[in-house]
Amino acid sequence: MMTYIVFILSIVFVMSFVGFATKPSPIYGGLVLIISGGIGCAIVLNFGGSFLGLMVFLIYLGGMLVVFGYTTAMATEQYPEVWVSNKAVLAAFITGLLSELLTACYILKDDEVEVVLKFNGMGDWVIYDTGDSGFFSEEAMGIAALYSYGTWLVIVTGWSLLTGVLVIMEVTRGN
Amino acid sequence: MSMVYINIFLAFILSLMGMLVYRSHLMSSLLCLEGMMLSLFVMMSVTILNNHLTLASMMPIVLLVFAACEAALGLSLLVMVSNTYGTDHVQNLNLLQC
């Protein structure tokens, strides 16, 4: 069963995406997006990317979704809409869950699916081996290379963030 | 290619359709945009970790930086709409009448 853990996590990932793509009131959508961020982090962690998974929690959930949360709290309504309070939302939610379960059953029937490319089930828990990488983690070294090989990338992203801040200040100036 | 990609592609397509079909709030479409960014991040990280593309590991972080920029811009536009009309309902954006 543990060999299927990544596949099960990805099914729960899609189900939580159904939860906010059917668009209940934004506060509940934000809550479900936090859950799906946590599950996405778990998927990345299962392939060995510990730094990238923690980046999801820190930057994505802790930075971006907190901003979304208090902006939603600013512009919300008195009776927010849940999934069961509106028939269209409930129907879309149940349709999404059922189609995901049917897709999962079709995939798990035999271990191979061919849509445009050939997907097989071995790649979930075993990774292509390209030799020994020593005692360091490849992903952490690759991210650390952002500051040596990717200096120009750091300059461009820093400048675009500064420009973004200036653009936002101009947009929210009003009048 | 591993089987988890099918589900991540499905998640991306779901958020894309959720962003394109409006209901009442503009904020829901912005949340679906964030969902698209999350599924792209997971897809990119899984590909890079599976195929040992070491130097490409900086790409998901750069993607997060630009996603943060775009989320902040979308939120500032939503704040201006909410300041003008009181709520962020999509039906308020009706100046273009054609």
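Guide: Across the interface of chain B and chain A there are 7 residue pairs in polar contact, both at pLDDT 80 or more. A polar contact is a pair of N or O atoms within 3.5 Å; within protein, one must be able to donate a hydrogen and the other to accept it, and residues adjacent in sequence count only if both atoms are side-chain atoms. This is a predicted model, where local features need pLDDT of at least 70, side-chain atom pairs count only at pLDDT 80 or more, and totals for chains, interfaces and linings use all residues. Residues are numbered from 1 along each chain as its sequence is written, chains are lettered from A and ligands numbered from 1 in the order in which they are written, and side-chain values use heavy atoms, leaving out hydrogens and water.

Visitor: What makes B:Arg23 and A:Glu81 a salt bridge?
Guide: Their closest N and O atoms are 3.0 Å apart, and the rule asks for a side-chain nitrogen of Lys or Arg within 4 Å of a carboxyl oxygen of Asp or Glu, so the pair qualifies. The rule finds 1 salt bridge across this interface.

Visitor: Which helix of chain B gives the most to the side that touches chain A?
Guide: Helix 3, with 19 residues. That side divides into 39 nonpolar, 17 polar and 3 charged residues. Here Ala, Val, Leu, Ile, Met, Phe, Trp, Tyr, Cys and Pro count as nonpolar, Asp, Glu, Lys and Arg as charged, and the others, Gly among them, as polar.

Visitor: How much area do the two chains bury between them?
Guide: About 5,900 Å², 78% of it on carbon and sulfur atoms. Buried area is the accessible area (1.4 Å probe) lost on putting two parts together, summed over both. The contact (heavy atoms within 4.5 Å) takes 59 residues from chain B and 75 from chain A.

Notes:
Helix = DSSP H or I, 4+ residues; strand = E, 2+ residues; numbered from the N terminus.
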